[in-house]
Amino acid sequence: MRAQSSATAATPIAVDSPAPSRAGTLQAALGVVAFSLTFPATAWGLEGFGPWSLVAVRSVLAAVLAGGCLLALRVPPPARRHWPGLAVVAAGVVLGFPLLTTLALETSTTAHAAVVVGLLPLTTALLSALRFGIRPSRTFWAAALAGAAAVVAFTVQQSGGALTAADGYLFGALLVCAAGYTEGGRLARVMPGWQVIGWALVLCLPLTVPAAALALAHEPVRLGVHSVAGLLWVAAGSQFLGLVVWYRGMAAVGIPKASQLQLAQPLLTLVWSVLLLGEHLSAAAPVTAVAVLVCIAVTQRARG
């Protein structure tokens, strides 16, 4: 990673040529793979940490990693006009989504939580349209809605169609995360994506450090292989590295198109849940996977 002055960046990063577009799609896809491991890793982390401890400690560890990179590369602070956007990223991606989904996973399975996550691409595209006046084509919206419907139908079928108390947390997480993605994608067009999430994490340190100390003092901690591995992944993989490539991808291919790659995230999460948590999938999984992949292909080709 090469240090760049986000404070003096005045022009958006050029993203019109095919090569950056392909690279951006790959980076966004890598972000989706990293995010797909978040729920299973969180479930592992909850084996040894309380929900508040897990969220606070993961944010502190990710901020230490991001802050170390910013210091090592001598990156100057962003311009004042960028801080409100970074605050939205921090509230949605660093604090809101991790906390709400962790609270939900105390009583919900990863399969059930994937119901709401399957709606995240459509919600992100909708918020970006409202926030920035983006108007994708009708083909794009038709494919996005079809993909979201396929994901919701599959995950609801997996959970038996029953709504739980955790759904309130999950729907809240959906909204705040979509807002963070939308604002982060905008900022990643004028500063490197890793700096977007890096500064957002550092911005939260005055809250997360005392929160971690308080939570660790009141919640029991039982260190084990699963709990430590889960904590390290959600801190380094989900909270920092995954968001680095995700924001770079959104900057390259646009927020609506990148967000549709997340249609595959619930299915990937269910695969990891089988491999890591021993959960079982129905025979509908391959059919849904094909339907989602078709929708992703259509949204990537649609122009608007």
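User: Which residues does Ser 36 touch, not counting residues up to four places away in sequence?
Analyst: This is a predicted model, in which local features need pLDDT of at least 70, side-chain atom pairs count only at pLDDT 80 or more, and totals for chains, interfaces and linings use all residues. Residues are numbered from 1 along each chain as its sequence is written, and side-chain values use heavy atoms, with hydrogens and water left out. Contact means heavy atoms within 4.5 Å. With residues up to four places away in sequence not counted, Ser 36 touches Gln 265, Leu 268, Thr 269 and Trp 272.

User: Which backbone oxygen does the side chain of Ser 36 reach?
Analyst: Ser 36 is found in helix H1 (residues 18–36); helices (H or I, at least four residues) are DSSP runs, numbered from the N terminus. Ser 36 has a relative accessible area of 0% and is therefore buried (under 20%; exposed is over 50%, partly exposed in between, with a 1.4 Å probe and protein chains only). At 2.6 Å, its side chain reaches the backbone oxygen of Val 33.

User: At what angle do helix H5 and helix H12 pack?
Analyst: Helix H5 spans residues 110–117 and helix H12 residues 265–277, and their axes are 9 Å apart. Axes are lines fitted to C-alpha atoms, for helices over the stretch in contact, and angles run from 0 to 180 degrees between N-to-C directions. The packing angle is about 170 degrees.

User: What does that angle make H5 relative to H12, roughly parallel or roughly antiparallel?
Analyst: Angles under 35 degrees count as roughly parallel and over 145 as roughly antiparallel. The helices pack at about 170 degrees. H5 and H12 are therefore roughly antiparallel.

User: Which residues of H12 make the contact with H5?
Analyst: On the H5 side, the contact is made by Thr 110, Ala 111, Ala 114 and Val 117. By class, the contact has six nonpolar, four polar and no charged residues (Ala, Val, Leu, Ile, Met, Phe, Trp, Tyr, Cys and Pro count as nonpolar, Asp, Glu, Lys and Arg as charged, and the others, Gly among them, as polar). The H12 side consists of Gln 265, Pro 266, Thr 269, Leu 270, Ser 273 and Leu 277.

User: How many disulfides does a search of the whole structure find?
Analyst: A disulfide is a pair of cysteine sulfur atoms within 2.5 Å. For Cys 69, the nearest cysteine sulfur is that of Cys 204, 17 Å away; for Cys 177, the nearest is likewise that of Cys 204, 14 Å away. The number of disulfides found in the whole structure is zero.

User: Is Cys 177 buried or exposed?
Analyst: Cys 177 is in no disulfide. With a relative accessible area of 1%, Cys 177 is buried.

User: What distance separates the C-alpha atoms of Ala 104 and Leu 170?
Analyst: Ala 104 lies in helix H4 and is buried, with a relative accessible area of 0%. Beyond four places in sequence, Ala 104 touches Ala 166, Tyr 169 and Leu 170. Ala 104 and Leu 170 are 66 residues apart along the chain, and their C-alpha atoms are separated by 6.5 Å.

User: What is the phi of Arg 74?
Analyst: Arg 74 is placed in the loop between H3 and helix H4 (83–105). At 76% relative accessibility, Arg 74 counts as exposed. Although Arg 74 is not a glycine, its phi is positive, at about 55 degrees.

How values were computed: Helix = DSSP H or I, 4+ residues; strand = E, 2+ residues; numbered from the N terminus. Parallel < 35°, antiparallel > 145°, perpendicular 65-115°, else oblique. Polar contact = N/O pair within 3.5 Å; in protein donor to acceptor, adjacent residues only side chain to side chain.
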